[in-house]
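Here is a short report for a first look at this structure. It goes through a few places in turn.

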Amino acid sequence: MGAPLHRLPGKARPRSALGCRGGPCGRSERPQALPRRSKARFVFPLAGNHKAPTPSFLSELLGTLSAAVFPTDCLLCGQELREPGGASICRACWDSLQPWLGPACERCGLPFASLQAANSVDSLCGECRLGEQEFDTAKSYGLYSGNLRQAILYLKFHRKEQLANRLGALLARAFESLPEADAAIVSPVPLHPSRKRQRGFNQAELLARGLVRSLHSEGRSLQLVADLLRRVRATIPQVGLSVSARRENVRGVFSVARPERVRNCAVVLVDDVMTTGATLSACAAALKRAGASRVLALSLARATPQFPDSGSWPEETSA
Ligand SMILES: [Zn+2]
Ligand SMILES: [Zn+2]
């Protein structure tokens, strides 16, 4: 296999700088130590990490005012922010969050490291050739690497609705390539209730809200149904498991809480990271059993060991 033909621009941080503790990108993966913060940083009681539900517009307004009065450093590169707002990420770092435009599996969106695979007869990856995926099609915005990876990790461990809204706008760009998605309802991949209590939020749900918000601003009327799916049992972390073990780990884990909402409907499943697709596939199986006509999987980033920068198979989604 040749060298990757496409790489994301921007600064790829060395893996050791990403703060992985228990493996390349698993449950214990956390963002690197945050950049130096301005001494004058002030946290409004209703914004930031506060777990009580806060109307997003109020949170965003307070965040913008806070950034204007008490400037902070960029979450990703540590440079002092010159413009208020922007989810505490500088323009250069936002510009580095580029989509994957290289060759990819035409069904699940797996990026190919060479044009050879893309030029094969049906342009499908091995998993899709075997018919292992239950969703109809999947698309990710970019590779799980560099600044995109860092931004996702930050969102995962720090509830930050402004960041989710801006990342949701990137998801909206990937959404454009999903077929017949305009008539769909949007469902985040759920956390198990115990995990959600522990974390205080579901990052996939924050991203789904950001996606719907972005689409609404373009005059499109997809509807978010945040409680459409539920995890009926907790699972062990996917990190370190083989593809088949991952599938077995999440088999039968999801059920549809509101089957009347999905009958004969298309559903857009949203998650932060797609690795093998086992979790999204298990969600899709539950939705199809409940009568969904199509299931389209949308994620912000795709992790694949074909690209060294993207790490080797992190824990899949929302766990
Ligand atoms: Zn920056
Ligand atoms: Zn595929």
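Where is the place of Gly142? Gly142 sits in strand E1 (residues 137-143).

## Ground rules

This is a predicted model, in which local features need pLDDT of at least 70, side-chain atom pairs count only at pLDDT 80 or more, and totals for chains, interfaces and linings use all residues. Residues are numbered from 1 along each chain as its sequence is written, chains are lettered from A and ligands numbered from 1 in the order in which they are written, and side-chain values use heavy atoms, with hydrogens and water left out.

Helices (H or I, at least four residues) and strands (E, at least two) are DSSP runs, numbered from the N terminus.

## Around Gly142

Gly142 counts as buried because its relative accessibility is 2%. Buried means under 20% relative accessible area, exposed over 50%, and partly exposed in between (1.4 Å probe, protein chains only).

Gly142 touches Gln98, Pro99, Trp100, Leu148, Leu300, Ala301 and Arg302, not counting residues up to four places away in sequence. Contact means heavy atoms within 4.5 Å. Gly142 and Ala303 are 161 residues apart in sequence, yet 9.1 Å apart in space, C-alpha to C-alpha.

## Zinc ion, ligand 1

The protein donors here are Cys74 (SG), Cys77 (SG), Cys90 (SG) and Cys93 (SG), 2.3 Å from the zinc ion (ligand 1). Donors are N, O and S atoms within 2.8 Å of the metal (3.2 Å for Na, K and Ca); water is not among the atoms, so sites may look incomplete. Their spacing along the chain is C-x2-C-x12-C-x2-C.

Cys74 and Cys90 both lie in the loop between helix H1 (56-69) and H2, so the pair ties together parts that are 16 residues apart in sequence. Both Cys74 and Cys90 are buried.

## Zinc ion, ligand 2

The zinc ion (ligand 2) has Cys105 (SG), Cys108 (SG), Cys125 (SG) and Cys128 (SG) as its protein donors, at 2.2 to 2.4 Å. The spacing of these donors is C-x2-C-x16-C-x2-C.

Cys105 lies in the loop between helix H2 (91-95) and helix H3 (115-118), and Cys128 in helix H4 (residues 126-129), so this pair ties together parts that are 23 residues apart in sequence. Cys105 and Cys128 are both buried.
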